[in-house]
Amino acid sequence: MRNARFSDDELERITAGAKAAGLTLAGFLARAALSAARDLERTASAVAGEREVIAEFFAARRYLGHVGSNLNQIARAVNVGAHPPELDVVIAATHRAVQRVQHATDRLLNQD
C-alpha cells in the first residue's frame, strides 16, 4: 500500500479522470503512473495536452450520443412525411459535433 497527497483541485481532476476512464481511483492512478514510468522522455506538457484531447473526445462522444438520439426521432418523423421544426437545430448540432471531433482529432495528430 502506498499513499499520495493531492490538493482538493488535483483530487477532483483525478477523480473525474478515473470516472471518465471507467476505472477506480486506485486503478486510474496505477495506470497513469505506469504509463508515465514507461515513457520518461515525454514532457508534462505533452501528457497534459493528451489529457485535454482525450477529455474532448469523451465530451464529443457524449454529445454525439445525444445528437444521434435526436436524429433517430427526427428520422422516424420524416419517414411518415412530417418535417419536424427541430430538424434544422439538430442538423446544426450535428455539424457542431462533427467540427468538435475534427478539432480534437487535428490536435491529436498535430502533437509533436
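Good morning, colleagues. The model is predicted, so local features need a pLDDT of at least 70, side-chain atom pairs count only at pLDDT 80 or more, and totals for chains, interfaces and linings use all residues. Residues are numbered from 1 along each chain as its sequence is written, and side-chain values use heavy atoms, with hydrogens and water left out.

I begin with confidence. The pLDDT, which is the predictor's confidence in each residue on a scale from 0 to 100, averages 82 over the chain, and 89% of the residues score at least 70.

Next, the overall architecture. There are four helices and zero strands, in the order α-α-α-α along the sequence. Helices (H or I, at least four residues) and strands (E, at least two) are DSSP runs, numbered from the N terminus.

How much of the chain is buried? Of its 112 residues, 13% are buried, where buried means under 20% relative accessible area, exposed over 50%, and partly exposed in between, with a 1.4 Å probe and protein chains only. The accessible surface comes to about 8800 Å², and carbon and sulfur atoms account for 57% of that surface. These areas come from the Shrake-Rupley method with a 1.4 Å probe; for residues, only the protein chains shown count as cover. As for contacts (heavy atoms within 4.5 Å), 51% of those between residues at least 6 apart in sequence join residues at least 24 apart.

Let us turn to helix H1, residues 8-21. Its 14 residues should span 20 Å at 1.5 Å a residue, and the end C-alpha atoms are 20 Å apart, which agrees. The expected span is 1.5 Å times one less than the number of residues. Which side chains form a salt bridge here? Those of Arg13 and Asp9 do, at 3.6 Å from N to O. The criterion is a side-chain nitrogen of Lys or Arg within 4 Å of a carboxyl oxygen of Asp or Glu, and by this rule the count comes to one. The two residues are four apart in H1, about one turn of the helix. An α-helix has 3.6 residues a turn, so residues three or four places apart point the same way. Arg13 is exposed at 60% relative accessibility, whereas Asp9 is partly exposed at 44%. After H1 comes Gly22, with a positive phi near 75°.

Leu25 belongs to helix H2, residues 25-38, and is partly exposed, with a relative accessible area of 35%. Together with Phe6 and Leu11, Leu25 forms a nonpolar surface patch of about 220 Å² accessible area. Patches comprise residues with over 30% relative accessible area and no salt bridge; like charges are joined within 9 Å, and nonpolar side chains (Val, Leu, Ile, Met, Phe, Trp, Tyr) within 5 Å.

The 23 residues of H4, residues 87-109, should span 33 Å, in agreement with the 33 Å between its end C-alpha atoms. Which residues of H4 are buried? Leu87, Val90, Ala93, Ala97 and Ala104 are. Ala97 has a relative accessible area of 1%. Leaving aside residues up to four places away in sequence, Ala97 touches Tyr63 and Leu64; the C-alpha atoms of Ala97 and Tyr63 are 6.9 Å apart, across 34 residues of chain. In H3, residues 44-79, lies Gly68, partly exposed at 25%. Its C-alpha atom is 9.1 Å from that of Val90, 22 residues away along the chain.
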